[in-house]
Each structure stands twice: as C-alpha cells, then as structure tokens.
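Good morning, and thank you for joining this meeting. I should like to take you through one structure, and I ask you to keep it in view as I speak.

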Amino acid sequence: MNLTTKSLLLLAGLALAACNNPRPGMFGGGGANGFGGEGGITTGTLGDPNDPRSVAHFQQRIGDRVFFDDNSSDLTPEGRSTLSGQAAWLRANPQFAVVVEGHADERGTREYNVALGARRADTVQRFLISEGVAANRLRTVSYGKERPVEACAEPRCWNRNRRAVTVVSGGAAG
Amino acid sequence: MTRLLIAFLALWMGFGMAAQAQPLRLQITEGVIEPMPFAVPAFVPEDQGGGQYAEALSRVVAANLSGTGLFREVSPAAHIARITSFDAGVSYPDWRAVNAQALIVGSVAASGNNLTVKFRLFDVVSGQQMGQGLQFAGTVQDWRRMAHKVSDAVYSQITGEGGYFDSRVVFVAESGPRENRVKRLAIMDQDGQNIRTLTDGRALVIAPRVSPTGDKAVYTTYQTGSPRIALMDLRSGQAQLVGEIPGAMTFSPRFSPDGRALVFSAAMGGTTDLFRLDLGTGQMVRLTNSPAIATAPSFSPDGRFLTFESDRSGASQIYVMPANGGEAQRISFGQGRYSTPVWSPRGDLIAFTKSHAGRFHIGVMRSDGSEERLLTASFLDEGPTWAPNGRVIMFTREAQGGDPALYAVDISGRNLRRVPLSSSASDPAWGPLLP
C-alpha cells in the first residue's frame with residue numbers, strides 16, 4: 001500500500017467516523033454485500049471506531065480489505081499485516097461470521113476474473129485460518145470484475161479494485 | 001412462441017435464359033473485395049394486407065445484406081424499372097443500367113394473421129434467375145424473420161456459405177452505475193431487434209450460452225449470493241440451478257454439441273477446475289485437476305475435444321484436451337494472455353480474447369494454434385461468439401471509461417460494426433439458425 005492509498009483510507013475512515021451510522025445494516029462498505037444474496041439484509045451495530053470491539057474499528061482502523069498486484073493472488077506485506085489484525089479481532093470477537101469477497105479489476109476477461117477473485121478470497125481465508133480463526137466462521141465468494149469500488153478506468157482505480165474484502169456479520173447485540 | 005411454418009415451393013420461371021455466362025458467385029476470401037451491388041425493390045403487395053409489409057421487408061433484406069460488407073445496395077431512388085408484378089419478367093437492361101449485379105424480387109400477401117412472402121433472385125449480369133425462388137408462410141408477427149430468411153437464402157445462393165440472419169443472440173443487458181451494475185439476461189434477433197429481457201435484474205447474471213437447438217440458455221447467476229449455474233428454458237423463461245457442488249462456486253457453463261451435457265468451472269480451495277455434468281442423469285465428472293485456474297471451456301463441434309483457458313503455465317493460455325479429460329495441449333504461444341477460446345461451428349478455427357501491452361484483441365487461430373490472426377484492437381474487447389455459419393464473430397467492446405456494447409466483425413477482420421442497441425450490453429452468445 002503506498003502513501004496515497006494510506007491517506008485515502010485514512011480520509012475515508014475519518015469521513016465514515018464523522019457520520020452517525022452511515023450505512024445501517026450493511027457492514028463492509030465497498031464490499032458487495034456478500035451475505036445479501038438476493039436483497040437479503042443483515043442488521044448489526046457499527047459502533048464507535050475508537051471501541052476496539054466495534055465493527056467500525058474493524059473496518060476503519062484494522063482495515064477490512066487487502067489489495068493485490070496485477071493478475072496476482074499473493075498477499076503483499078501490507079496485506080499480511082492487515083490480515084493479522086483482522087485475525088486478532090476475529091479471535092477476540094467470536095460472535096461474528098465472515099464472508100471474504102474476492103474482486104478483480106476490469107483488465108481481464110469476465111470468467112477468468114471470477115476464478116481469480118475466488119483465488120484471492122481463498123488466499124485471505126487460508127491466512128485467517130492459519131492465524132487461528134475457526135474455518136467454520138469463514139466463507140468466500142468471488143465477484144470477479146462485477147463490483148468495482150472505483151469507477152475510473154485508470155490504474156489508480158484498478159489498484160483499488162483488485163481486492164479481497166472481509167465482510168463481518170452477526171453480533172447484532174454487540 | 002409462434003412457430004414459423006415455412007413451405008418451400010419451387011416457383012417455375014417462364015422466361016429464364018439459357019445459362020451461358022458464369023453464374024453470379026461471390027467468393028469470400030481474406031483479401032479486400034469489392035462489395036457486390038444489388039437491388040431490392042419494395043416487395044410487390046399481392047393484397048391489401050400485404051401492403052404494409054412490402055417496403056419494410058425489402059428494407060430489412062437490404063440492411064442485412066449491406067451489413068455484411070459483402071454487398072452494396074443500389075439505392076431504390078436510382079432504379080429505372082419498377083417491379084409491379086412478382087411473376088412478370090425482369091428487364092435485365094434496366095438493372096444493368098444502374099449497375100446492379102443481383103436483383104431480389106419479392107411479394108407479400110397478408111390475410112388475417114397469416115403472412116406469405118415469396119422471392120426470386122436474379123443474376124443481372126448473365127440475365128438469368130438463380131435457384132428456383134422460395135416461399136415462406138407464417139404469421140404477421142414473424143415478418144422480420146421472413147425477411148431474414150429471404151436474406152439467408154440470397155446470401156447462401158451467392159456466397160455458397162450458410163446464412164446467419166434468422167438467428168438470435170442471448171446477451172446481458174446492463175444498466176445503472178458501474179459500481180452496482182444491474183445485469184439482466186436478454187435475447188434479441190441478431191440485428192439487435194425484438195429485445196426481450198429474461199431475468200428481472202435482482203440477481204447479477206453473466207456469460208450466457210445458448211443450447212445447440214436454441215431453446216435453452218445456461219448462465220452464471222448470483223441469486224444465492226455466490227456464483228451458480230442456471231439453466232433456463234427460453235420459451236417459458238423458467239430457470240433452475242444445476243451442477244451445484246457443496247463448498248464450490250460454479251460458473252462458466254457451456255453446452256455439449258448434443259445439448260445433453262454441460263461443462264463448467266468450479267472454484268474451491270483456491271483452484272478452479274472443469275467438470276462435466278450429464279443433464280439427463282445429473283452425474284458429474286471432474287475433467288481437470290490442477291492447482292491453477294481452468295475456465296472458459298468450449299467444445300469442438302464434433303464433441304470430441306474441449307478447448308479452455310488456464311494459467312497453469314503462469315499467465316492465461318489456451319489449451320485443448322479430450323472432451324472426457326486427459327492430457328491437455330497448450331496451443332497459444334504468442335505474447336500476452338489468451339482467454340475465452342471458442343471453437344467455430346465449422347471446427348477449423350478457435351476464436352479468443354488476447355490481452356497484450358495494455359490492449360485487448362479478438363482473434364482467431366487454427367485449432368492447432370497455428371495461423372493466429374488478430375481481428376480487433378481496443379481498450380477492452382472480450383468474449384467472442386460465432387455466427388451459426390462461422391463467418392462472423394460478435395463480442396463485447398468497452399471503451400476506456402465507457403459502457404459496454406456489442407460489436408461484430410467478419411473473420412477476415414473486415415466490416416467491424418456496432419450492433420445497434422439503445423442500452424449497454426455485454427456477453428453475447430449467438431444461437432443457431434432458426435428452423
């Protein structure tokens with residue numbers, strides 16, 4: 001992750017923190033609503049990002065996503081660090097279930113990108129399991145290139161779209 | 001769906017000249033050709049009901065033939081002769097004078113819901129009729145299909161190739177913002193007319209294929225929240241999930257040439273492999289077993305082989321293996337990544353998507369990987385599908401930052417054109433010539 005990306009994430013975090021419950025019922029903004037299926041809705045509390053047990057903290061402070069190089073499903077050092085943080089949070093908050101969404105940028109063919117997104121999601125899932133998250137809490141889904149977070153057709157957006165997003169769900173009472 | 005009934009009827013001619021000159025024949029070669037000039041006057045209405053279709057039929061035929069790039073219409077405004085009777089003789093000098101080489105004369109009669117269309121094709125150069133003429137009978141709703149059938153017959157008569165105008169294309173109609181695109185399965189005539197949406201857009205759908213008989217489609221749907229394969233009956237619009245594998249994402253389905261089986265991809269445990277599903281028995285067989293990705297399969301028309309893409313060697317390349325699995329041979333060796341191989345209906349060529357140096361191309365190669373030719377180049381071209389006669393390829397093109405659209409190109413690389421649709425579209429899948 002480069003400095004610009006970090007700043008962007010920080011800005012995004014601040015913007016999110018400034019809102020009061022910006023997207024009720026949907027965790028992992030910028031994900032593709034992995035649990036939703038056909039309009040299904042899960043409800044949960046985002047909480048205060050300063051509360052380390054909150055979903056908001058998971059999304060904004062730890063980071064709910066990791067990024068990949070072009071056509072790669074290998075974790076970057078930054079990615080591994082983020083995922084270690086995710087794993088620690090998930091171990092401490094066992095009431096949450098997880099869907100790992102794998103995504104690709106638009107610079108590949110549609111079906112190959114579904115397979116590539118599946119491989120990215122699997123890489124993240126394996127890492128989380130290796131860090132002690134129970135396998136039965138984890139599920140993966142690939143969206144290929146169908147759900148970009150950034151619309152621009154330029155490398156800076158493609159870099160942000162090649163991602164795996166860890167979407168947490170459950171713990172509504174939390 | 002109304003079924004078009006076609007009666008073939010030989011229409012005998014009383015004024016044909018003896019065949020002395022060479023018959024009119026357009027040899028489709030890879031070189032640049034001069035489009036053959038043709039004339040198609042408004043069809044002759046044989047009754048009051050036929051009047052409203054007379055002009056429209058001739059316009060559809062003209063658009064079809066001109067759209068191939070192989071023919072050029074002599075504008076009706078330039079015609080000297082007027083065709084007022086289907087059975088009266090043709091004044092060849094009048095058509096030679098406007099430089100028409102082929103002349104299509106048609107008639108139309110409509111009574112109630114029934115429509116009858118006849119046509120004859122004349123070789124103006126040698127001054128004789130080609131073939132015996134044909135008659136099509138159906139319902140008024142199918143008037144465009146009859147124009148397509150006329151076009152197919154003319155195209156076949158002159159080129160010696162099979163036609164493709166009376167065929168349909170299943171595709172994905174797109175709307176909404178890029179980050180949350182709504183995608184609906186849809187079907188249209190190959191010329192972009194008569195669009196009908198098949199799914200309601202609640203679930204993301206991608207990459208359909210049409211069954212060999214044209215009555216079913218398979219595609220990938222996210223209706224469960226994860227990629228699954230749906231099989232739809234195109235007449236009823238009813239769809240069901242098939243080929244589910246516990247713990248796997250399943251996608252990229254293709255029909256076998258006999259329509260009885262599907263081959264598809266299943267992603268699990270970080271790898272994506274090919275499986276075969278017998279639609280009759282539900283029996284499933286694994287075809288590949290590699291730690292890499294294997295997807296985008298396509299059967300050879302004889303059903304004996306499968307081509308697919310895999311990144312087992314690093315970047316995506318095209319492979320061919322026996323249809324029941326076994327040793328796969330890599331056939332693509334050029335620079336860049338090769339994806340979405342699709343076997344031509346004639347069996348000789350494989351169309352593919354290639355990405356290299358920041359550009360995407362649609363190309364063709366022989367099924368042994370030789371004689372690679374790139375037909376297109378753009379920011380993003382992908383997903384070729386073959387016309388039933390193996391002469392034309394339709395694909396998805398997306399300009400940088402733009403919305404996707406459907407394009408078609410001849411396998412010669414000539415005649416690139418956009419399929420006229422009013423909204424965004426992707427993932428075309430060309431169905432068979434209709435009966």
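Let me begin with one side chain and its surroundings. Not counting residues up to four places away in sequence, L65(B) touches F38(B), F71(B), I104(B), S151(B), V154(B), Y155(B) and F165(B); contact here means heavy atoms within 4.5 Å. L65(B) belongs to the largest nonpolar core, which has 50 residues, and is one of those that touch the most other members, together with F71(B), I104(B), F119(B), V150(B) and I158(B). This core lies between domain 1 (36-159) and domain 2 (167-433) of chain B, because both give residues to it. The domain bounds come from an automatic or database domain assignment. Apart from that core lies another, of 22 residues, including F58(A), L90(A), F96(A) and V133(A). A nonpolar core is a set of buried Ala, Val, Leu, Ile, Met, Phe, Trp, Tyr and Cys residues joined through side-chain atoms within 4.5 Å. Buried means under 20% relative accessible area, exposed means over 50%, and partly exposed lies in between, with a 1.4 Å probe and protein chains only.

A word on the basis of all this. This is a predicted model, in which local features need pLDDT of at least 70 and side-chain atom pairs count only at pLDDT 80 or more, while totals for chains, interfaces and linings use all residues. Residues are numbered from 1 along each chain as its sequence is written, chains are lettered from A and ligands numbered from 1 in the order in which they are written, and side-chain values use heavy atoms, with hydrogens and water left out.

The pLDDT is the predictor's confidence in each residue, from 0 to 100. Chain B averages 93, and 93% of its residues score at least 70. Over residues 1-21 of chain B, however, the pLDDT is below 50, and this stretch has 55 contacts in the model beyond near neighbours in sequence. Where pLDDT is low, the predicted coordinates should not be read in detail.

How many helices and strands does chain B have? Its secondary structure comes to 3 helices and 30 strands; these are DSSP runs numbered from the N terminus, helices being H or I of at least four residues and strands E of at least two. Of the 435 residues in chain B, 57% are buried.

Consider next an open sheet of 4 strands in chain B, in the order β9-β8-β7-β30, with antiparallel pairing. Strands β9 (196-197) and β30 (424-433) of chain B each have a single partner strand, so one side of each is left without a neighbour in the sheet. Two strands pair if DSSP finds at least two bridges between them. Strand β8 (residues 182-189) of chain B pairs with β9(B) over 2 bridges, and I187(B) stands opposite R196(B).

Elsewhere in chain B, 5 of the 6 residues of strand β26 (residues 381-386) are buried. β26(B) pairs with β27 (residues 392-398) in the antiparallel sense over 4 bridges, with E382(B) opposite T396(B). This hairpin has 5 residues between its strands, and G390(B) takes a positive phi near 70°.

Finally, chain A. Helix α2 (residues 55-63) of chain A is largely enclosed by the rest of the structure, because 7 of its 9 residues are buried. The structure holds 1 disulfide over all chains, a disulfide being a pair of cysteine sulfur atoms within 2.5 Å. It joins C152(A) to C157(A), with S to S at 2.0 Å, and both cysteines are buried.
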